[in-house]
Amino acid sequence: QISRMLCHMCLQRPWWLKVAGSAGLQMLVELIPPAPLLRMELGMARALCAIWKESTLDEIAITAERSYTTLAMLLRKCHAPVKEGGCDMPPDLAEQEKLSFKEVM
């Protein structure tokens, strides 16, 4: 699965792998609909947060902005309020969100 490979890249030591992983995750978040994205949300969020945790001060300038933007986009897309009547999401979306929350706990 490509999302796992990109998350693994975010956890690597060289800064260019972190940038590549973050850029790839950003493209996935933009392209994937919210329902399947919920299944990958926890792993992606962990990988993007790891970029901040494991980067040196010199690397943070390069990697942190993209990872912050991608994490914010991921959270907004997965947890955006659903409009009444105009919902094109599957009915089991709430159940998927609950399962994702249980993984965090």
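Modeller: What follows is a walk through some helices, their packing and a few aromatic residues. This is a predicted model, in which local features need pLDDT of at least 70 and side-chain atom pairs count only at pLDDT 80 or more, while totals for chains, interfaces and linings use all residues. Residues are numbered from 1 along each chain as its sequence is written, and side-chain values use heavy atoms, with hydrogens and water left out.

Biologist: Which residues of helix α1 are buried?

Modeller: In α1, which spans residues 2–10, the buried ones are Ser3, Leu6, Cys7, Met9 and Cys10. Buried means under 20% relative accessible area, exposed means over 50%, and partly exposed is in between, with a 1.4 Å probe and protein chains only. Helices here are DSSP runs (H or I, at least four residues; strands are E, at least two), numbered from the N terminus.

Biologist: Why are they on the same side of α1?

Modeller: They cover an arc of only 155° around the axis, which puts them on the same side of α1; the arc is taken from the directions from the helix axis to the C-beta atoms.

Biologist: And what covers them?

Modeller: The cover over the buried residues of α1 includes α2 (15–31) and α3 (34–54).

Biologist: How do α1 and α3 cross?

Modeller: Their axes, which are lines fitted to C-alpha atoms over the stretch in contact, with angles from 0 to 180 degrees between N-to-C directions, come within 8 Å and cross at roughly 20°. α1 and α3 are therefore roughly parallel, given that angles under 35 degrees count as roughly parallel, over 145 as roughly antiparallel, 65 to 115 as roughly perpendicular and the rest as oblique. On the residue level, Ser3, Cys7 and Cys10 in α1 meet Met40, Gly43, Met44, Ala47 and Ile51 in α3, where contact means heavy atoms within 4.5 Å.

Biologist: What about α2 and α3, how do their axes cross?

Modeller: The axes of α2 and α3 come within 11 Å and cross at roughly 150°, which makes α2 roughly antiparallel to α3. Lys18, Ser22, Leu25, Leu28 and Val29 are the α2 residues that meet Leu37, Met44, Ala47, Leu48, Ile51 and Glu54 in α3.

Biologist: Switching topic, how many aromatic pairs does the structure hold?

Modeller: There are two aromatic pairs. In one, the rings of Trp15 and Trp16 have centres 6.1 Å apart and planes at 85°, so the pair is edge-to-face. In the other, the rings of Trp52 and Tyr68 have centres 6.1 Å apart and planes at 35°, so that pair is tilted. Rings of Phe, Tyr and Trp (its six-membered ring) pair if their centres lie within 6.5 Å, and planes under 30 degrees apart count as stacked, over 60 as edge-to-face and the rest as tilted.

Biologist: Where do Trp52 and Tyr68 lie?

Modeller: Trp52 lies in helix α3 and Tyr68 in helix α4 (residues 57–78), so the pair ties together parts that are 16 residues apart in sequence.

Biologist: Is Trp16 buried or exposed?

Modeller: Trp16, which sits in helix α2, counts as exposed at 51% relative accessibility, whereas Trp15 is partly exposed at 37%.

Biologist: Last one, what does Gln26 contact?

Modeller: Gln26 is in helix α2 and is buried, with a relative accessible area of 16%. Leaving aside neighbours within four places in sequence, Gln26 is in contact with Arg66, Thr69, Thr70 and Met73.
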